[in-house]
Amino acid sequence: MTTTRGGPMEKYLAPETAARMAAAAAAFSGALDESQRYVLANDFELSGARREWSYLPEPERGGLAIGSLTDPQRKLAHRLIAASVSMPGYAKVVSIMAMEHVRRALTLLDAPAIAHLFDPERYCFRIFGTPGGAAPWGWQLAGHHVSLNFTVTEARYLSPTPCMLGSVPASYGTLAPLADDEARGYEFINSLTGAQRAAAIIYHRPPPDFATRMVPRIGPAELPDHVFNPEPDYRISDAERSVLSYLRDGPKGVRGADLDGRQLDALVGLVAAFAGRLPDEVAAAELARVDAAGPENLAFAWAGGTAPGERHYYRVQGPDLLIEHDNTQGGGNHVHSVWRNPGNDFGDDILAAHYRAEHSSVEKQR
């Protein structure tokens, strides 16, 4: 098969991470019994279960629950997570899982009927296809406030998005999994001049959640929902949805070209912090794409209050990049953040290149 080596897919090249991830996934699946392996594994398909992602506390979720694993299997499951993200990223993931204990205890006080939904044993694994080799494969970890989605082609090209993390409460005691993302957003918006802030702040109220919601594929334009169901009293109108909308070809907010050098470095630093959830090799590839597209083409948008504790939302947008971060529910104590790539979520770009190369190879053999 003709590969894409040397072509545009080099921007997604991460062979060391792909190999480490494949080895960890194979070890994990190999340690399971037949009934567990059946639940874990799914054929690799372009659509279907592979593109299903939700960070809500779903009553039922497909995949193999971590609570069904033996201690040795659980260690291999965590080794797979650690092989796929950075150590800071892994610390965030396990901190979010730990926060589920806090959430369950708090929910037992005011809504005991649903407290069982908040349980770190309910996070589920799926593996799509066969890890390793040239054929596409991927894996997913899904649960409340965690959605990790990885796709690999030709054992070297990797898509790590959507990559979503959240926390409710946003902080409690020593647990504050996304406090650094919060702090960087506040620091950046409050570093801007009056004119820059006027451009950056697109509305005085934030959306109830991400502007792109949980769509499996981001379109040219996306509107946030009117309401996030867990908090029905916070709603936005149709007009507000339009103001807060995501436009792929018309980013809202202040542009990188309108920042001074220090501010632009800070914006790239914010992006680098999000990329830092991923292994160094993958994060470097993500940042290389930002650099190639020109940091001056990034856009930063903010909605809501600019003082800690107020409901707020921010977005960083670039040609191959979308970061959304909100702390809207709970009066500003329920945080969500996501890294997405509108062209390569769930491996769209690398899969298209893979199948084009495969088709070309077949045609040449005829």
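Reader: At roughly what angle do the axes of helix 5 and helix 8 cross?
Author: This is a predicted model, in which local features need pLDDT of at least 70, side-chain atom pairs count only at pLDDT 80 or more, and totals for chains, interfaces and linings use all residues. Residues are numbered from 1 along each chain as its sequence is written, and side-chain values use heavy atoms, leaving out hydrogens and water. Helices (DSSP runs of H or I, at least four residues) and strands (runs of E, at least two) are numbered from the N terminus, and axes are lines fitted to C-alpha atoms, for helices over the stretch in contact, with angles from 0 to 180 degrees between N-to-C directions. The axes of helix 5 (residues 179-189) and helix 8 (residues 261-275) come within 11 Å and cross at roughly 165°.

Reader: Is helix 5 roughly parallel or roughly antiparallel to helix 8?
Author: Angles under 35 degrees count as roughly parallel, over 145 as roughly antiparallel, 65 to 115 as roughly perpendicular and the rest as oblique. The angle here is roughly 165°. Helix 5 and helix 8 are therefore roughly antiparallel.

Reader: Which residues in helix 8 does helix 5 meet?
Author: Contact means heavy atoms within 4.5 Å. From helix 5 come Asp181, Arg184, Gly185 and Phe188. Their partners in helix 8 are Gln263, Ala266, Leu267, Leu270, Ala273 and Phe274.

Reader: Is Asn327 buried or exposed?
Author: Asn327 lies in strand 14 (residues 321-329). Buried means under 20% relative accessible area, exposed over 50% and partly exposed in between, using a 1.4 Å probe and protein chains only. At 1%, Asn327 is therefore buried.

Reader: With which side chain does the side chain of Asn327 make a polar contact?
Author: A polar contact is a pair of N or O atoms within 3.5 Å; within protein, one must be able to donate a hydrogen and the other to accept it, and residues adjacent in sequence count only if both atoms are side-chain atoms. Not counting residues up to four places away in sequence, Asn327 touches several residues, including Ala170, Glu310 and His334. The polar contact, at 3.0 Å, is with the side chain of Glu182.

Reader: What is the relative accessible area of Ala65?
Author: Ala65 sits in strand 2 (residues 64-65). Ala65 is partly exposed, because its relative accessible area is 23%.
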